[in-house]
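Hi,

Here is the structure I promised to pass on.

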Amino acid sequence: MNDPNRGLSSQSSPELECVELQTHPHPGACIIWLHGLGADGFDFVPLVRELQALGAPAARYVFPHAPMRPVTINGGQVMRAWYDVLGADIDRREDPGGIRQSQAQIEALIERERARGTPRSRIVVAGFSQGGAITLQAGLRQPESLAALVVLSAYLPLAASAASESTAAGRAIPIFMAHGRDDTVIPLARGRASRDALIALGCRVQWREYAMPHSVCEDEIRDLAQFLTEALK
């Protein structure tokens with residue numbers, strides 16, 4: 001088995017700096033993974049080794065760093081964030097400009113990977129928390145289908161516009177959506193409501209719940225490895 005830390009490097013897109021890691025010299029797939037609020041692209045790098053040990057397919061992992069911006073709910077502190085969080089009522093007080101800006105940046109990363117030779121059918125977009133929200137924002141609006149979307153401890157942003165803006169190709173992308181029952185950052189009810197909204201749009205959602213807070217757990221990683229294996233077979 002190849003050591004996933006070999007090939008760890010920093011790359012840049014026209015907009016975003018990224019950390020890259022390949023689990024094979026010639027990976028046949030790409031997983032673009034978006035971190036949560038206040039973290040950075042290195043946050044989920046250790047997860048690659050665990051996924052690989054569980055049989056996840058060889059891939060190039062691309063971990064972009066979110067832009068630095070002030071976050072209102074944190075007293076205006078500047079940190080890496082995919083969009084501003086205006087208050088605890090995240091589904092009513094949203095930052096449409098920031099969300100759409102990050103959507104465009106992830107779309108640019110998808111196009112970059114396609115230009116590097118990875119077809120859209122072999123590209124997965126994944127994200128945790130804010131990163132999962134942007135995964136849905138970008139994924140549902142794709143002009144052509146991707147291999148899969150992975151949405152961990154997150155929710156559907158700009159839900160009121162999802163029906164009118166989502167594409168047939170976006171709604172056809174398989175979605176792995178997981179949430180902790182003890183999540184106090186993005187409550188489980190919010191995740192379930194987002195799942196229901198996606199199903200109402202006609203999306204294929206594989207839903208999982210775990211006994212965990214706003215984090216990831218071993219069972220979740222195992223289920224995710226199996227999902228990626230199926231999505232990229």
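This is a predicted model: local features need pLDDT of at least 70, side-chain atom pairs count only at pLDDT 80 or more; totals for chains, interfaces and linings use all residues.

Residues are numbered from 1 along each chain as its sequence is written, and side-chain values use heavy atoms, with hydrogens and water left out.

Helices (H or I, at least four residues) and strands (E, at least two) are DSSP runs, numbered from the N terminus.

Let's start with helix 1 (residues 45-53) and helix 7 (residues 218-231), whose axes come within 9 Å and cross at roughly 70°. That makes helix 1 roughly perpendicular to helix 7 (65 to 115 degrees counts as that; under 35 is roughly parallel, over 145 roughly antiparallel, and the rest oblique). Axes here are lines fitted to C-alpha atoms, for helices over the stretch in contact, with angles running from 0 to 180 degrees between N-to-C directions. On the helix 1 side, L47, E50 and L51 meet I221, L224, A225 and L228 of helix 7 (contact means heavy atoms within 4.5 Å). Six of the residues in this contact are nonpolar, none is polar and one is charged (nonpolar covers Ala, Val, Leu, Ile, Met, Phe, Trp, Tyr, Cys and Pro; charged covers Asp, Glu, Lys and Arg; the others, Gly among them, are polar).

Next, helix 2 (residues 96-115) and helix 3 (residues 130-139): their axes also come within 9 Å and cross at roughly 70°. These helices are therefore roughly perpendicular to each other. I99, R100, S102, Q103, I106 and E107 of helix 2 meet I134, Q137 and A138 of helix 3. That contact has four nonpolar, three polar and two charged residues.

Now the strands. Strand 9 (residues 175-180) and strand 10 (residues 205-210) pair in parallel over six bridges (strands pair if DSSP finds at least two bridges between them). G180 has Y210 in strand 10 as its bridge partner.

Strand 5 (residues 68-71) and strand 6 (residues 77-80) run antiparallel, joined by four bridges. V71 is bridged to Q77 in strand 6. Their hairpin has five residues between the strands, and G75 takes a positive phi near 70° there.

Finally, what does L201 contact, leaving aside its neighbours within four places in sequence? The answer is A162, A163 and R171. L201 sits in the loop between helix 6 and strand 10, and its C-alpha is 8.3 Å from that of A162, though the two are 39 residues apart in sequence.

Cheers
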